[in-house]
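Take a look at the protein below.

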Amino acid sequence: MTTRKTQTPVLPDVDFSDDGDVRHLHLGTPWIQGSMRLDDPFAIELEYVQRMVAWLLFVDSASVPRRHAMQLGLGAAAITKFCHKRLRMRTTAIELNPQGVTVCRHWFKLPPDDARLSVVLADAAREIRQPRWRGTVDALQVDLYDHQAAAPVLDDESFYADCRALLTDDGCMTVNLFGRASSYDHSVEKIAAAFGADALWAFRPTREGNTVVLAQRTPARVTRAVLAERGEAVQARWGLPASKWPRVFRQV
């Protein structure tokens, strides 16, 4: 959640609900903004959120703990916890709403900050322009929606150019695009303008309508056979359903 406006934004209340052994995050509406399995709080529960870490298909798995992951929009902290706890990465999350941080710390098992974990309370659009972040991020995961979840809050070419500037040479950005087909097409055009059309990959939409797009800082050709091999390795090592990703993941 974030905004480019200069005035103080009106932030929604953050709460949660339990449905059996799954806890859901809400931003003042019945819309589910994130989920956590109570008996496995550091796993990623939602399918589209699992796909947000598809950058794992493009890196050497042995290098992952030496890399830096950044999330724009904390949500239910699923990606933040997974990168910190399971992938053992240096992890930074940028979140605008202080209630979101508090709820995640109390009810979604988000650990306190430490040498590898930093939750920054800030406007993502402004924060990512800070020189200290430029060229330092290997995996940038962008999931910026308000309580109505109609379209990304930040979704213009200059924002995606700022995102690209954060990345290391072999870094990747993943973006959750949720909404009408026309909104998706416009978003892809803006990402392509910032990254280059040959740098983009996309999943098929989930049943819920989430489409995850991946953009590479430096476009690299990867064969289907290599993607399949890497998907099997990611699934074996980290328990993600990555063996099926190559079947629903294509260059744009």
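## Buried or exposed

A residue is called buried when its relative accessible area is under 20%, exposed when that area is over 50%, and partly exposed in between. Asp 123 has a relative accessible area of 8%, so this residue is buried. Across the protein, buried residues make up 53% of the 252 residues.

## Confidence in the model

This is a predicted model. The mean pLDDT is 91, and 91% of the residues reach 70 or more. Residues 1-6 have a pLDDT below 50, and this stretch has 31 contacts in the model beyond near neighbours in sequence. Residues 146-151 also stay under 50. For them the model has 17 contacts beyond four places in sequence.

## Overall build

The protein has seven helices and eleven strands. Its radius of gyration is 17 Å, close to the 18 Å that the globule rule gives for 252 residues, so the protein is as compact as a globular protein of that length. The C-alpha trace spans about 45 × 40 × 40 Å along its principal axes.

Take the contacts with a separation of 6 or more: 67% of them join residues 24 or more positions apart. The accessible surface comes to about 11,300 Å², and carbon and sulfur atoms account for 51% of that surface.

## Salt bridges

How many salt bridges does the structure hold? There are 14. One of them joins Asp 170 to Arg 67, at 3.0 Å from N to O. Asp 170 lies in strand β8, while Arg 67 lies in the loop between α1 and β4, so the pair ties together parts that are 103 residues apart in sequence. Asp 170 is partly exposed at 40%, whereas Arg 67 is buried at 12%.

Asp 123 pairs with Arg 126, with the closest N and O atoms 3.1 Å apart. Here Arg 126 is partly exposed, at 39%, and Asp 123 is buried. Arg 105 and Asp 113 meet at 2.7 Å, N to O. Arg 105 is partly exposed at 29%, and Asp 113 is partly exposed at 40%. Salt bridges also link Asp 21, Arg 37 and Glu 45 in a network.

## Cysteines

The count of disulfides is zero. Cys 83 is in no disulfide, and the nearest cysteine sulfur, that of Cys 172, is 13 Å away. Cys 83 is buried, with a relative accessible area of 0%. Cys 172 is buried as well, at 2%.

Notes
Residues are numbered from 1 along each chain as its sequence is written. This is a predicted model: local features need pLDDT of at least 70, side-chain atom pairs count only at pLDDT 80 or more; totals for chains, interfaces and linings use all residues. Side-chain values use heavy atoms; hydrogens and water are left out. A disulfide is a pair of cysteine sulfur atoms within 2.5 Å. Buried means under 20% relative accessible area, exposed over 50%, partly exposed in between (1.4 Å probe, protein chains only). pLDDT is the predictor's confidence in each residue, from 0 to 100. Contact means heavy atoms within 4.5 Å. Helices (H or I, at least four residues) and strands (E, at least two) are DSSP runs, numbered from the N terminus. The radius of gyration is taken over C-alpha atoms; the globule rule is 2.2 Å times the number of residues to the power 0.38. Accessible areas come from the Shrake-Rupley method with a 1.4 Å probe; for residues, only the protein chains shown count as cover. A salt bridge is a side-chain nitrogen of Lys or Arg within 4 Å of a carboxyl oxygen of Asp or Glu.
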